[in-house]
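Colleague: Please take one part of this model and go through it closely, with what covers it and what it touches. Plain description will do.

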Amino acid sequence: MCRLGMPDCFGLLEYYLMDASSLLPVLALDIQHGHSVLDLCAAPGGKTLALLQTNNCRFLTANDLSVSRCKRLQTVMRSYVPRDQRTDKNVQITTRDGRLWGDVENSTYDRVLVDVPCTTDRHSLLEEENNIFHRMRTKQRQMLPLLQTELLLAGILSTKPGGEVVYSTCTLSQLQNEYVVERAVELAASEHGVHVEPQDLSCFRKVFKDTFNFYQDCRVGELVLPHLTANFGPMFFCKLLRIR
Ligand SMILES: C[S@@+](CC[C@H](N)C(=O)[O-])C[C@H]1O[C@@H](n2cnc3c(N)ncnc32)[C@H](O)[C@@H]1O
């Protein structure tokens with residue numbers, strides 16, 4: 001969920017409200033000074049803002065397939081990011097099918113965020129509008145794991161050897177989380193000869209143990225479980241290092 005605040009004296013909005021656990025995939029990406037970054041499914045742009053706030057991106061490409069959501073992304077950028085920090089030289093917004101990104105810019109980026117469309121469990125429980133569990137959207141829901149795998153695979157192929165990619169969702173579904181990661185890792189190796197290794201993110205469990213309620217038994221990645229005393233998430237995030 002996001003809500004816009006009031007403009008400050010520079011005409012910029014002061015805060016962007018979102019689930020605190022949404023910052024974890026961005027932190028896991030560990031952007032270092034001078035990195036080139038691709039945000040493959042970026043709209044409406046909460047995580048893009050957090051990526052830019054690291055002040056470390058030499059260049060950021062924010063992409064989304066949806067034209068209308070890209071317009072929201074552009075509005076978010078204009079509303080929150082000072083003009084001199086979003087010139088054509090440092091931020092590019094594109095509207096492409098992320099699944100094809102590996103063909104366009106292969107082995108290009110130091111860091112890639114793949115924050116995929118998913119069943120958005122909290123939203124689906126609370127909101128009727130646009131609910132992915134609606135009967136009319138059954139086919140689309142069933143196709144999600146395939147779409148997610150294709151997007152993650154494209155993200156892997158766009159990452160430079162030695163670079164890192166973070167996959168994230170806001171669902172509890174093991175199929176959309178761990179299974180998608182494992183399948184994309186397999187496909188990268190068998191179809192493209194590209195090897196990636198899931199990274200240990202258990203330090204997040206230690207550092208944020210007083211803020212978030214983590215599931216203890218993910219095979220790969222970390223999962224924040226909503227809890228009455230720590231009502232954030234769900235948020236799954238997994239980091240892959242591209243070896244070659
Ligand atoms: C979970 S949302 C991204 C949220 C965003 N990262 C943020 O923090 O605000 C997933 C996005 O994926 C986009 N999407 C769906 N299919 C896509 C595709 N084939 N290529 C690129 N983006 C896609 C959707 O339009 C949606 O905006």
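Predicted model: local features only at pLDDT ≥ 70, side-chain atom pairs only at ≥ 80, totals over all residues.

Modeller: A residue is called buried when its relative accessible area is under 20%, exposed when that value is over 50%, and partly exposed in between.

I start with the ligand. Its shell holds 22 residues, and the closest of them are D64, R69, D97, G98 and D115. Sorted by class, the shell has 10 nonpolar, five polar and seven charged residues. From D64, a polar side-chain atom comes to 2.6 Å from an oxygen atom of the ligand. The pairs from C41 and L65 involve the backbone instead: a backbone N or O atom of C41 is 3.0 Å from a nitrogen atom of the ligand, and a backbone N or O atom of L65 is 3.3 Å from a nitrogen atom of the ligand. On its own the ligand would expose 600 Å², of which the protein buries 88%. Two elements each give two or more residues to the shell, namely α2 (46-53) and α7 (144-158).

Seven of the eight residues in α2 are buried, which leaves the helix mostly covered. The buried ones are G46, K47, T48, L49, A50, L51 and L52. Their packing partners include the helices α1 (23-29) and α3 (67-80), and the strands β1 (35-39), β2 (57-63), β3 (91-94) and β4 (109-115). Just past the end of α2, N55 has a positive phi of about 60 degrees.

One of the strands packed against α2 is β4, and D110 sits in β4. D110 has 14% relative accessibility, which is under the 20% cut-off, so D110 is buried. The side chain of D110 has two polar partners to report. It lies 2.8 Å from the backbone nitrogen of S36, and the side chain of D110 also makes a polar contact with the side chain of K160 at 3.1 Å. With neighbours within four places in sequence left out, the residues in contact with D110 are G34, H35, S36, R58, T159, K160, G163 and E164.

C170 deserves a separate note. An unreviewed UniProt entry annotates C170 as "active site"; such annotations may be inferred rather than shown by experiment. In the model, C170 is in the loop that joins β5 (159-169) to α8 (175-192). Its relative accessibility is 26%, and C170 is therefore partly exposed. Beyond neighbours within four places in sequence, C170 contacts C118, T120, D121, P234 and M235.

L187 is buried because its relative accessibility is 17%, under the 20% cut-off. Not counting residues up to four places away in sequence, L187 touches T149, L153 and H192. Between L187 and T229 there are 42 residues of separation in sequence and 39 Å in space, taken from C-alpha to C-alpha.

Definitions and conventions:
Residues numbered from 1 in each chain as written. Heavy atoms only, no water. Near = heavy atom within 4 Å. Polar contact = N/O pair within 3.5 Å; in protein donor to acceptor, adjacent residues only side chain to side chain. Areas by Shrake-Rupley, 256 points an atom, 1.4 Å probe, with all protein chains shown as cover. Helix = DSSP H or I, 4+ residues; strand = E, 2+ residues; numbered from the N terminus. Nonpolar A, V, L, I, M, F, W, Y, C, P; charged D, E, K, R; others polar. Buried < 20%, exposed > 50% of the residue type's maximum accessible area, 1.4 Å probe, protein only. Contact = heavy atoms within 4.5 Å.
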